[in-house]
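This report looks at selected local features of one protein chain. Please have the sequence and the structure at hand while reading.

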Amino acid sequence: MHRFLASSLALSVMLWGLLAWAPQARAQSPIKPKIMIIFDTSGSMLSSNNDGSPLCSNSGTGSRVYKLKTALFETLQGIGATEIDFALATFPQHVDPTRSPVCPRGHYYTTSNQDSEDYSDSRSGCKISTHNPATQQNGNCGNASNPCSAWYSNYKKEVLKVGFGNAPEAVMIYFDQQEDTNTTAPLQNPEIRSFSWTPLGKSLFYAHGYLHKEVALPASSYLKKCERLVVALFTDGAESCNKSASAFYPTKWATKLHAAPLNAVVHTVAIDSTASLLSQIPANGGGTYYNVNNSVNELKKAFLDIIAKSQPPSE
């Protein structure tokens with residue numbers, strides 16, 4: 001975890017400029033903005049099936065997964081726990097600390113009950129293993145009549161790596177390029193691992209379920225007007241798990257996230273990709289589309305801008 005502990009002076013200056021606002025310049029909110037990072041863990045994030053980590057003999061340091069982890073780690077390093085509340089989600093995957101870690105998967109893996117329901121070619125990591133897409137399409141998981149009980153507990157095992165309410169360090173440990181090398185449970189140093197397909201729509205659906213069930217304030221709360229829920233989707237490709245007619249197509253769930261009662265803002269950071277869908281997602285989700293090269297600095301700038309946009313408006 002010590003590979004990136006020395007943050008740059010330039011990054012510190014940028015963070016102060018974005019977060020250390022003078023009291024006269026911004027409204028003071030009694031609750032912190034909440035930003036959910038959805039990290040693309042598809043195989044296209046790799047470089048020749050390597051991710052740059054020691055598990056891959058440090059091969060693949062030019063990969064998108066390596067650059068994105070570096071950018072997020074270094075940015076989060078300069079942010080205090082009192083400023084922003086972060087959560088981290090990936091595409092569906094299992095983790096087993098007792099498995100022997102291999103490059104590029106580490107202790108992570110997928111099973112056939114996570115395959116896409118729209119394609120017959122075994123597209124892995126497309127859904128939570130206990131989710132039945134044909135009958136479970138309601139993302140309002142906070143409703144007593146729709147607790148999403150069939151898949152929600154597995155959401156926290158297969159998708160949600162870090163929930164809201166934790167220090168930034170709990171998220172950063174997934175980006176430090178290190179992972180336990182033994183087969184002893186529990187996993188002390190987890191890591192982001194990329195190797196599956198790209199379920200953008202279901203990732204937004206699952207985020208909607210989590211925000212609706214556990215995070216969003218009730219409409220009756222006097223703090224509701226201060227609430228800022230943000231989804232930051234970092235990806236290098238278009239949807240590959242569901243077809244456009246699916247109930248889980250990404251633009252549909254970006255729209256639902258942005259609508260009441262969540263009123264969330266959905267941003268997309270497209271890495272080395274010009275897929276038109278990636279600009280349509282934030283257009284439907286009330287957010288910003290960032291088209292960036294696979295560059296640590298460009299990824300930092302995009303993330304910092306998302307953080308800045310999550311702040312309360314000026315008085």
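Is Asn58 buried, partly exposed or exposed? The model is a predicted one, and in it Asn58 counts as partly exposed because its relative accessibility is 38%. The residue is found in the loop between strand S1 (34–39) and helix H2 (64–77), and its phi is near 60 degrees, a positive value in a residue other than glycine. Most residues other than glycine have a negative phi, and most peptide bonds are trans.

Gln177 likewise has a positive phi, near 70 degrees, and is found in the loop between H4 and H5. With a relative accessible area of 1%, Gln177 is buried.

## Cis peptide bonds

Ala185 and Pro186 are joined by a cis peptide bond with an omega of about -5 degrees, and Pro186 has its place in the loop between helix H4 (168–172) and helix H5 (200–215). Another cis peptide bond joins Ala260 and Pro261, where omega is about 10 degrees; Pro261 belongs to the loop between helix H6 (250–258) and strand S7 (265–271).

## Salt bridges

The count of salt bridges comes to 11. One of them is formed by the side chains of Arg193 and Asp51, at 2.6 Å from N to O. Arg193 lies in the loop between H4 and H5 and Asp51 in the loop between S1 and H2, so this pair ties together parts that are 142 residues apart in sequence. Arg193 counts as buried at 1% relative accessibility, and Asp51 is also buried, with a relative accessible area of 1%. Together with Glu179, Asp51 and Arg193 are linked in a network of salt bridges.

The side chains of Lys156 and Glu214 meet in a salt bridge at 2.5 Å, N to O. Because Lys156 lies in helix H3 (residues 152–158) and Glu214 in helix H5, the pair ties together parts that are 58 residues apart in sequence. Lys156 is partly exposed, with a relative accessible area of 39%, and Glu214 counts as partly exposed at 42% relative accessibility. In the salt bridge between Asp121 and Arg123 (3.0 Å, N to O), Asp121 counts as partly exposed at 42% relative accessibility, whereas Arg123 counts as buried at 14%.

## Helix H8

Helix H8 (residues 296–309) has 14 residues, and the 20 Å from its first C-alpha to its last is close to the 20 Å expected at 1.5 Å a residue. Its buried residues include Val296, Leu299, Lys300, Phe303, Ile306 and Ile307. An α-helix has 3.6 residues a turn, so residues three or four places apart point the same way.

Terms used:
Residues are numbered from 1 along each chain as its sequence is written. This is a predicted model: local features need pLDDT of at least 70, side-chain atom pairs count only at pLDDT 80 or more; totals for chains, interfaces and linings use all residues. Side-chain values use heavy atoms; hydrogens and water are left out. Helices (H or I, at least four residues) and strands (E, at least two) are DSSP runs, numbered from the N terminus. The expected span of a helix is 1.5 Å times one less than its number of residues. Buried means under 20% relative accessible area, exposed over 50%, partly exposed in between (1.4 Å probe, protein chains only). A salt bridge is a side-chain nitrogen of Lys or Arg within 4 Å of a carboxyl oxygen of Asp or Glu.
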